[in-house]
Structures are given as structure tokens and as C-alpha cells.
Amino acid sequence: MTVVLEKPPVLDSPSTIPDAAATAPARDRRRRSSSLSLLRRPGVIIALAVVAFALLAAIVPSLFATHDPTATVPVDRLLPPSPSHWFGTDELGRDLYSRVVHGSTLTIAATLLAIVIALVGGLALGILAGFVGGAVDSVTMRVVDVFLAIPGLLLALAIVTALGFGTIPVAIAVGIGIIPGFARTTRAEVLRVKTLPYIEAARAGGASWARILFTHVLPNSWGPVAVLAVLDFGAAILAVAALSFLGFGAAPPAAEWGTLISNGRSFLITAPWVSLLPGLFVALVVLSLNHLAKSLEEVQR
């Protein structure tokens with residue numbers, strides 16, 4: 001009679017037991033790998049180049065401009081695009097390309113200020129509603145819903161009418177107009193992160209609510225908010241340009257993208273490039289920002 005001895009089950013060694021703490025570095029490695037793969041896409045490279053050009057032009061416009069943006073040459077008025085004037089000239093003979101480059105300073109500055117206002121206000125409201133909860137959440141979100149019911153551009157138009165004309169009032173108006181979107185996104189992310197197991201573990205370990213908020217909740221809620229910031233940067237550019245188009249921006253001869261588009265309305269038949277080329281440049285910048293936001297969203301998944 002043959003006796004078959006069964007091997008005792010091999011217990012998993014500590015090294016084979018999945019470590020929950022190791023999932024975060026693995027996730028970070030996957031995100032870094034996804035980011036590197038995005039940089040190999042032609043569309044992302046082109047979008048980055050366009051956005052980088054717009055930002056650099058806003059910081060050092062003289063580096064890219066080919067002419068003095070305020071120099072008038074009446075004999076060269078309404079010239080079509082050429083090697084000497086890449087975007088042509090306007091009704092006063094000013095180089096349109098140089099004015100677009102210099103106009104990026106005021107437009108990008110106003111957009112950055114608007115995004116900062118929206119981030120600060122939206123994060124504060126979203127964290128207050130999502131982290132505190134209860135009646136505070138209900139009241140805060142009802143106020144946000146009221147502002148969401150009003151189109152952002154219409155709200156910005158009402159605010160800038162009350163504040164007055166100029167680049168800073170336009171930036172404040174646009175920033176207030178997009179606060180509700182940041183508030184809702186932040187609240188949703190805070191509510192999601194607040195219910196995760198490691199938050200409960202940190203609370204059980206004696207961590208204070210302030211430490212949980214700044215150490216765990218905010219860092220893990222930042223991804224979608226950053227994507228929204230990039231996406232709303234393009235929307236804010238359109239809103240700033242629209243208000244400038246309506247005459248609420250900086251006074252002449254200062255150049256803003258919306259003002260440049262508005263100045264060519266009287267020459268759409270005889271000299272369409274005066275409005276068309278600045279408008280195409282603004283559209284290209286906004287589309288590039290939207291493409292980058294979509295790519296960042298893929299990395300966050």
C-alpha cells in the first residue's frame with residue numbers, strides 16, 4: 001500500500017502579499033509613462049508649441065514682433081499679408097502680426113488673473129461644501145446653482161458693466177463667471193476622496209480633520225481641477241476676447257485680441273484679413289488648450 005503524502009500548503013511570504021502602499025508608486029509610474037507617450041503624439045507637440053508661443057509672446061513680445069505695434073504708416077494701410085507684413089496691416093498702416101503678438105500680453109494676463117480668481121473662489125466653495133457637508137453643502141450648492149443658471153458670458157457682462165472698463169475689470173468679471181464650474185468639480189472630487197478607505201484609516205489613526213484635508217484630500221482631488229483649469233483657460237480667453245470685442249477692454253491704442261478682431265469689422269469685404277487672421281490665431285490657441293486638456297484627462301484616468 002502506497003501512502004501519498006500531500007505537501008503542506010505554502011503560505012505566502014510577506015514579500016508575496018500585495019502591499020497596498022505600493023499601489024500609489026505604481027500608479028505614479030503609469031501616469032509618467034502615459035505622459036511620456038503623450039509627448040510623442042504630433043497633435044500634443046503642436047498644441048504645446050502653439051501655447052508656448054502664446055505664453056512667451058505675452059512675456060517678451062518684442063522677441064517675436066517684427067514691427068512697432070503702434071507705429072502708423074498711412075501709405076501702407078490695409079496691405080494684404082506678405083513677407084514684410086505676415087498678417088497684413090490695419091486701417092492705420094500698423095503691422096497686424098506685431099499687434100497680435102503684443103496683444104497677447106494683455107489678453108493672457110487678464111486670462112491668468114481670471115483663472116486664479118476662479119481657482120481660489122471655486123476651491124474654497126467646493127472644499128467648504130464637500131468637506132463640511134450638511135446644511136453648509138446644501139446652501140453653498142444652491143447659490144452655485146443659481147450662478148450656473150446664468151450663462152457665464154452674460155454674468156461676466158453684467159459684472160464688467162458694474163465695475164467699469166479695462167483689463168482688470170474684465171479679468172475679474174470673467175473669473176467670477178467661471179467660479180461655479182470649479183466649485184462643483186472640487187466638491188465632487190472632495191466627496192469622492194473623503195469616502196475612500198485610507199481617509200477612514202487616517203481618521204481612525206487619530207489624524208485631525210485639517211491634516212486629512214491638506215495631506216490626503218486636497219492632493220488627491222487636484223487632478224480633475226487642473227484639467228478643468230486648462231480647459232477653462234481657453235474658455236476664459238474667448239470670454240476676455242468677447243468682452244474686448246464689445247469694447248469693455250483696454251482703451252486704444254493698446255492691443256487686445258478681441259479689440260483687434262473688432263477693429264476689422266468695417267473692412268470684412270475689402271480687407272478680411274484684419275479680423276480673420278487675429279481670429280484664427282485666437283481659435284488656434286483655444287483649440288490647442290482644449291487638446292492639451294483632453295490629453296491631461298487621459299493621463300488622469
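Student: Which residues of helix 4 are buried in this predicted model?

Tutor: Residues are numbered from 1 along each chain as its sequence is written, and the model is predicted, with local features needing pLDDT of at least 70, side-chain atom pairs counting only at pLDDT 80 or more, and totals for chains, interfaces and linings using all residues. Side-chain values use heavy atoms, with hydrogens and water left out. With helices taken as DSSP runs (H or I, at least four residues) and buried meaning under 20% relative accessible area (exposed over 50%, partly exposed in between; 1.4 Å probe, protein chains only), the buried residues of helix 4 are Asp 137, Thr 140, Met 141 and Val 144.

Student: Which exposed residues does the face of helix 4 turned away from its buried side carry?

Tutor: On one side of helix 4 sit buried residues, among them Met 141 and Val 144. The face turned away from that buried side carries the exposed residues Ala 135, Val 139 and Val 146.

Student: Against which helices do the buried residues of helix 4 pack, and at what angle does helix 4 pack with helix 7?

Tutor: The buried residues of helix 4 pack against helix 3 (96–132) and helix 7. Contact (heavy atoms within 4.5 Å) is made with helix 7 by Asp 137, Met 141, Val 144, Asp 145, Phe 147 and Leu 148 of helix 4, which meet Pro 180, Gly 181, Ala 183, Arg 184 and Arg 187. With axes fitted to C-alpha atoms over the stretch in contact, and angles run from 0 to 180 degrees between N-to-C directions, helix 4 (134–148) and helix 7 (179–194) have axes 9 Å apart and pack at an angle of about 140°.

Student: How far apart are the axes of helix 5 and helix 6?

Tutor: Helix 5 (152–163) and helix 6 (167–177) pack at an angle of about 140°. Their contact includes Leu 155, Ile 159 and Leu 163 of helix 5, together with Val 170, Ala 173 and Ile 176 of helix 6. The axes of helix 5 and helix 6 are separated by 8 Å.

Student: Where is Pro 253 placed, and with which residues beyond its sequence neighbours is Pro 253 in contact?

Tutor: Pro 253 belongs to the loop between helix 9 (209–245) and helix 10 (257–263). Its C-alpha atom is 9.1 Å from that of Pro 69, although the two prolines are 184 residues apart along the chain. Leaving aside neighbours within four places in sequence, Pro 253 is in contact with Arg 94 and Arg 99.

Notes:
Helix = DSSP H or I, 4+ residues; strand = E, 2+ residues; numbered from the N terminus.
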